[in-house]
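Please look at the sequence and the model below before reading on.

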Amino acid sequence: MYLRDIGPTEIGGFGISNADDLLLIEDIQLVRQTCSVTSVEFDDASVADFFDSQVDAGRQPEQFARVWVHTHPGASPSPSQTDEETFSRCFGGVDWAVMHILAEEGNTYTRARFNVGPGTDRRLRCRTILDCEFPGTDHDQWFEEYRDNVTIDDPFASRRSLTDRYDDTDWWQQPPTAADLWSDRLFEVGR
């Protein structure tokens, strides 16, 4: 949920599964990516480095390379055509994979795809368990991971200077936009 709310765009990552229950996601790992309000594009070299580090840590591909997690900045978790194409292109060659989308208001969409035999897709129920011990909760560390890995591509961002954004001369009294609030958060963490 933290990643869903941290910025104004979609964001994506890989779910790290429990070794004994592959559908129990214990962590989400970001890789370098370029994000917009409608898409996430992973950096291929960063994905390769992530896969290498997971193998070096003793994990099997089923534990780190089968669950694609990403957010939608609005309330709809329904996969877009781009989501469907990405899921087919990037996860169509493995025996099984899961696409999980987390949107605002706690809305989720989760689907497993089985690419063996005749192949099939199956919607899954998703449950967030918050009553178990979770020692990895560190918002500052998560924000640093986000800052280090996410590049925002906003084709709609104003190219005008701050003083040109408002017709009135009292532009400093205008309420902050979502982008302004998000930018302020970057400076709070020291960047």
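**Polar and charged residues**

Asn-18 belongs to strand 1, which spans residues 12–18; strands are DSSP runs (E, at least two residues), numbered from the N terminus. The model is predicted, with pLDDT of at least 70 needed for local features and 80 or more for side-chain atom pairs, while totals for chains, interfaces and linings use all residues. Residues are numbered from 1 along each chain as its sequence is written, and side-chain values use heavy atoms, without hydrogens and water.

**Asn-18**
- Asn-18 counts as buried because its relative accessibility is 17%, where buried means under 20% relative accessible area, exposed over 50% and partly exposed in between (1.4 Å probe, protein chains only).
- The Asn-18 side chain comes to 2.7 Å from the backbone nitrogen of Asp-20.

**Gln-33**
- Gln-33 sits in strand 3, residues 33–35.
- With 3% relative accessibility, Gln-33 counts as buried.
- A polar atom of the Gln-33 side chain lies 2.8 Å from the backbone oxygen of Gly-12.
- The side chain of Gln-33 also reaches the backbone oxygen of Val-31, at 2.9 Å.

**Negative charge**
- Asp-20, Asp-21, Glu-26 and Asp-27 form a patch of negative charge on the surface.
- Such a patch takes residues with over 30% relative accessible area and no salt bridge, like charges being joined within 9 Å.
- A salt bridge is a side-chain nitrogen of Lys or Arg within 4 Å of a carboxyl oxygen of Asp or Glu.
- Asp-27 lies in strand 2, residues 21–29, and counts as partly exposed at 40% relative accessibility.

Terms used. Patches are made of residues with over 30% relative accessible area and no salt bridge: like charges are joined within 9 Å, nonpolar side chains (Val, Leu, Ile, Met, Phe, Trp, Tyr) within 5 Å. Accessible areas come from the Shrake-Rupley method with a 1.4 Å probe; for residues, only the protein chains shown count as cover. Lys and Arg count as positive and Asp and Glu as negative; His and the chain ends are not counted. The place of a charge is taken as NZ of Lys, CZ of Arg, CG of Asp or CD of Glu. Helices (H or I, at least four residues) and strands (E, at least two) are DSSP runs, numbered from the N terminus. A polar contact is a pair of N or O atoms within 3.5 Å; within protein, one must be able to donate a hydrogen and the other to accept it, and residues adjacent in sequence count only if both atoms are side-chain atoms.
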